[in-house]
Amino acid sequence: YKHIPYERAIKNWRKFKKEYLGEEIKLSYLTQIHSEKVKFVENPGWQGWGDGLITTKELLALTIFVADCTPLIIFDEKGTIVANLHCGWKSVKYRIIENAIERIRMYTREKLLALIGPSSRECCYEVDNEFIEHFKNYLKAFKIRQEKIYFSLIEVIEEILETLGVEIIYKSEICTICTKNFFSYRRTKGKERQISIVYKSI
């Protein structure tokens, strides 16, 4: 894996930053590896290898790239802390959400909220029989249609969040696989990615 994004991604990134964020916002990002690793960050730039970023610092944007995996943002009611997670099935299985909330609870006991962004959904996320073993404790997340198995990762994510005491969950209904104006690795096998950004304002 390279921690330098593709040339076109860099160009789009700079354009997005200039038009929507401004010079005062500094970006932090990771080399994403479908892991449980969450980094607490205080400075911009490359943060190493992992799949989650957390900060209490104002105007430091936490950046995650996705193309069917679920972008998950978690923050507390008073805006003390914010997290941005890359939740593919492997990261969720390896307990990235639990790891992130454990870190968050070191800084705040306030009510937590979560935002679940566009990602692959049950309508299109086809898996095989062997895959069920990875989430055998979440069998309700699997549906069978026309002798094919479909999986709802966000159902698993929601259940984990609720178990961990996240009281308010906002959820996008968009499936990136069948919504053509979103990038989807499953649909095109391409290198393009959506970008999920969150930061604390002053």
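Tutor: A pocket is an open set of grid points with protein on both sides within 12 Å along at least five of seven lines. The volume of such a set is the space filled by probe spheres placed on its points. The model discussed here is predicted.

Student: How much space lies in the second largest pocket?

Tutor: The lining of this second largest pocket includes Val-92, Arg-95, Phe-135, Tyr-138 and Ile-160. The space in the second largest pocket is about 200 Å³.

Student: Which helices each supply at least two residues of that lining?

Tutor: Val-92, Lys-93, Val-156 and Ile-160 are among the lining residues. The helices that each supply at least two residues of the lining are H2 (89-93) and H4.

Student: Arg-95 has a positive phi; near what value is it?

Tutor: Most residues other than glycine have a negative phi. Arg-95 is in the loop between H2 and H3, and its relative accessible area of 46% makes it partly exposed. The phi of Arg-95 is positive, near 80 degrees.

Student: Is Gln-146 buried or exposed?

Tutor: Gln-146 also has a positive phi, near 50 degrees, and lies in the loop between E10 and E11. Exposed means a relative accessible area over 50%. Gln-146 has 77%, so this residue is exposed.

Student: How many aromatic pairs are there, and how is the pair of Phe-131 and Phe-142 arranged?

Tutor: The count of aromatic pairs is 10. The ring centres of Phe-131 and Phe-142 are 6.3 Å apart, with 70 degrees between the planes. The arrangement of this pair is edge-to-face.

Student: Why is the pair of Phe-131 and Phe-151 edge-to-face?

Tutor: Planes over 60 degrees apart count as edge-to-face. The ring centres of Phe-131 and Phe-151 lie 5.1 Å apart, and because their planes are at 65 degrees, the pair is edge-to-face.

Student: Which element gives the most to the largest nonpolar core?

Tutor: The largest nonpolar core has 32 residues, and Leu-72, Phe-151 and Leu-161 are among those with the most contacts inside it. Elements supplying at least two residues each include strand E6 (70-76), helix H3 (96-104) and helix H4 (153-163). With 6 residues, the element that gives the most is H4.

Student: How far apart are the C-alpha atoms of Asn-99 and Glu-36?

Tutor: Asn-99 is in helix H3 and is partly exposed at 25% relative accessibility. Leaving out residues up to four places away in sequence, Asn-99 touches Glu-36, Val-38 and Tyr-94. Glu-36 is 63 residues from Asn-99 along the chain, yet their C-alpha atoms are separated by 7.2 Å.

Conventions
Residues numbered from 1 in each chain as written. Predicted model: local features only at pLDDT ≥ 70, side-chain atom pairs only at ≥ 80, totals over all residues. Heavy atoms only, no water. Phe/Tyr/Trp six-rings, centres within 6.5 Å; stacked < 30°, edge-to-face > 60°. Core = buried A, V, L, I, M, F, W, Y, C linked by side-chain atoms within 4.5 Å. Buried < 20%, exposed > 50% of the residue type's maximum accessible area, 1.4 Å probe, protein only. Helix = DSSP H or I, 4+ residues; strand = E, 2+ residues; numbered from the N terminus. 1 Å grid on protein atoms, 1.4 Å probe; cavity = no way out; pocket = protein on both sides within 12 Å on 5 of 7 lines; lining within 4 Å. Contact = heavy atoms within 4.5 Å.
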